[in-house]
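These are notes for a colleague who has not worked with this structure before. Please read them with the model open.

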Amino acid sequence: MLEMKNMKLGPILLLLLCLNILSSSVGNAPTCPADLGGVVVTPVNGKENSFPSIPKIKYEGPSSKNPLAFKWYNADEEILGKKMKDWMRFSVAFWHTFRGNGGDPFGAPTKTWPWEDGTTSLAMAKRRRMRANFEFIDKLGVDRWCFHDRDIAPDGKTLEEANANLDEVVALAKELQSRGLCIKNDGNGREVGCKLKDLADVVFKCQCCFALKGTKIKPLWGTAQLFMHPRYMHGGATSSEVGVYAYAAAQVKKAMEVTHYLGGENYVFWGGREGYQTLLNTDMGRELDHLARFLEAAVAYKKKIGFNGTLLIEPKPQEPTKHQYDWDAATTANFLRKYGLIGEFKLNIECNHATLSGHSCHHELETARLNGLLGNIDANTGDPQIGWDTDQFLTDIAEATNVMISVIRNGGLAPGGFNFDAKLRRESTDVEDLFIAHITGMDTLARGLRNAAKIIEAGKADFDLLEKKAKEWGEPKVPSAKQELAEMIFQSAL
Ligand code: XUL
Ligand code: CO
């Protein structure tokens, strides 16, 4: 290792050093001046690239037959005065894409991703999985990701241990988020930006020749996982045990802090166990009061730490509990209103949750929007024949068009966006399937946006179009005003 901590390198010397390092073989861990910033890479099998056979995904247009290209999503194209990427604000869900293993109640995991070593250790979480996440995001061309505390870092035997694990992984994520914002010395002592080919490149070169600056990728939202651990079996904020309530609060506190630290734009509450199995052993009024108090404390803490992100509640009627308190958008809006929380929260509407509550996704989006509560969308869909939360990627163009009509009427979703809370089917086991699934989800919503724009444009007909229609339709049939009938009805009420 070259020790250059205290040396003042002239720009030319630095450039020569960089060229020298870059010409050394990629397989060997490079030797780098420690004070140039960047990421410390631990090579695994000499490879840093988790998706070597996948190119950067590009827009090729509707006639393309390339499964690894966009046919409808063209990030920088303007629709209704806004770039597609700004309408969409797509996000990759870490838990499905990087922790989903295909296991189900009847069978073992089916996915053996090349970057996994079969353990759930902290080393595994850092060594390859988080890097694979950012390489995936980079190749897909999105700027956002979503996470639970416990899917990015292992739990601990104590809260302190769990928090320390999370801190380690979050520190790495913070560095990796900077991809694309590398700077280099231009040889005249000036720092200039440099866009590099892909994440593997950035990690390698930044370590040696460039410094990472700023943050390009951000969490769309972060959240605390308050449903997996047995301590949460009666709920977190609605548990009958005060110790569990305190533990849940501590977990949310920490998850909100790390979301803020990573530049997250929103924070989500999904109350998977905030509900009941039977009212015979549940005091519903008391549990709802406790939940409201918990959320009030979260608002206060958000303000205390200066986190400006939106707090979002994600309605879902049931699963895992028989009845969840955030049943649907209307129930949740009523809860927020009753407890005086309406200005502090918005809703994260998930399409599969909408259908589980007996509504369409469009109904839920409109209910949220009309109450001024539409904040984010967990973009997925269920299966019409299966009655549970299958979390599939959205492929129905008509549904996507309805979704986008709501989004356009809402003026967009920012600071929210579309999070792909969706997973591969158990039987899809190739790495490229992860890309194909996201490409289809993004293309479906992009197609929905294009269609919705056409429908909304049609509502703004100009004189040329109206003249064309007048000719096409011929003499219109004008119905009777029925004034006498109206007067008869009016009289009958007197
Ligand atoms: C569960 C669900 C969650 C939330 C975050 O149905 O949708 O993944 O989005 O906890
Ligand atoms: Co969700």
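1. Helices (H or I, at least four residues) and strands (E, at least two) are DSSP runs, numbered from the N terminus. Trp 388 counts as exposed because its relative accessible area is 51%; buried means under 20%, exposed over 50%, and partly exposed in between, with a 1.4 Å probe and protein chains only. Leaving aside neighbours within four places in sequence, Trp 388 is in contact with Glu 319, Asn 352 and Leu 356, where contact means heavy atoms within 4.5 Å. The C-alpha atom of Trp 388 is 8.8 Å from that of His 353, a residue 35 places away along the chain.

2. On the basis of the work: this is a predicted model, in which local features need pLDDT of at least 70 and side-chain atom pairs count only at pLDDT 80 or more, while totals for chains, interfaces and linings use all residues. Residues are numbered from 1 along each chain as its sequence is written, chains are lettered from A and ligands numbered from 1 in the order in which they are written, and side-chain values use heavy atoms, with hydrogens and water left out.

3. Overall make-up. The protein has 16 helices and 17 strands. Of its 494 residues, 49% count as buried. Among contacts between residues at least 6 apart in sequence, 75% join residues at least 24 apart.

4. The metal site. Which residues coordinate the cobalt ion (ligand 2)? They are Glu 314 (OE), Glu 350 (OE), Asp 378 (OD) and Asp 421 (OD), at 1.9 to 2.2 Å. Donors are N, O and S atoms within 2.8 Å of the metal (3.2 Å for Na, K and Ca); water is not among the atoms, so sites may look incomplete. The arrangement is octahedral because the 6 donor atoms subtend angles of 77 to 173 degrees; six donors count as octahedral if opposite donors are over 155 degrees apart and all others between 65 and 115. Along the chain the donors follow the spacing E-x35-E-x27-D-x42-D. Glu 314 lies in the loop between β13 (310-313) and β14 (323-324) and Asp 378 in strand β16, so this pair ties together parts that are 64 residues apart in sequence. Both Glu 314 and Asp 378 are buried.

5. Salt bridges. The count comes to 23, a salt bridge being a side-chain nitrogen of Lys or Arg within 4 Å of a carboxyl oxygen of Asp or Glu. One of them joins Arg 426 to Asp 104, with the closest N and O atoms 3.9 Å apart. That pair links distant parts of the chain, 322 residues apart: Arg 426 is in the loop between β17 (418-420) and α14 (431-458), and Asp 104 in the loop between α3 (94-99) and α4 (122-140). Glu 467 and Lys 471 also form a salt bridge (3.9 Å, N to O); they are separated by about one helical turn because they are 4 residues apart in helix α15 (residues 463-473). Asp 76, Lys 83 and Lys 85 are linked in a network of salt bridges.

6. A charge without a partner. Asp 326, in the loop between β14 and α10 (329-338), is buried yet has no salt bridge. The nearest side chain of opposite charge, Lys 316, is 11 Å away; Lys and Arg count as positive and Asp and Glu as negative, while His and the chain ends are not counted. Asp 326 touches several residues beyond four places away in sequence, including Glu 314 and Thr 332.

7. Backbone points to check. The peptide bond from Glu 319 to Pro 320 is cis, with omega near 15 degrees, and Pro 320 is in the loop between β13 and β14. Ala 414 and Pro 415 are also joined by a cis peptide bond, with omega about 5 degrees. Asp 391 is not a glycine but has a positive phi, near 50 degrees; this residue lies in the loop between β16 and α13 and counts as buried at 7% relative accessibility.

Notes
Four donors count as tetrahedral if all angles lie between 85 and 135 degrees; four count as square planar and six as octahedral if opposite donors are over 155 degrees apart and all others between 65 and 115; anything else is irregular.
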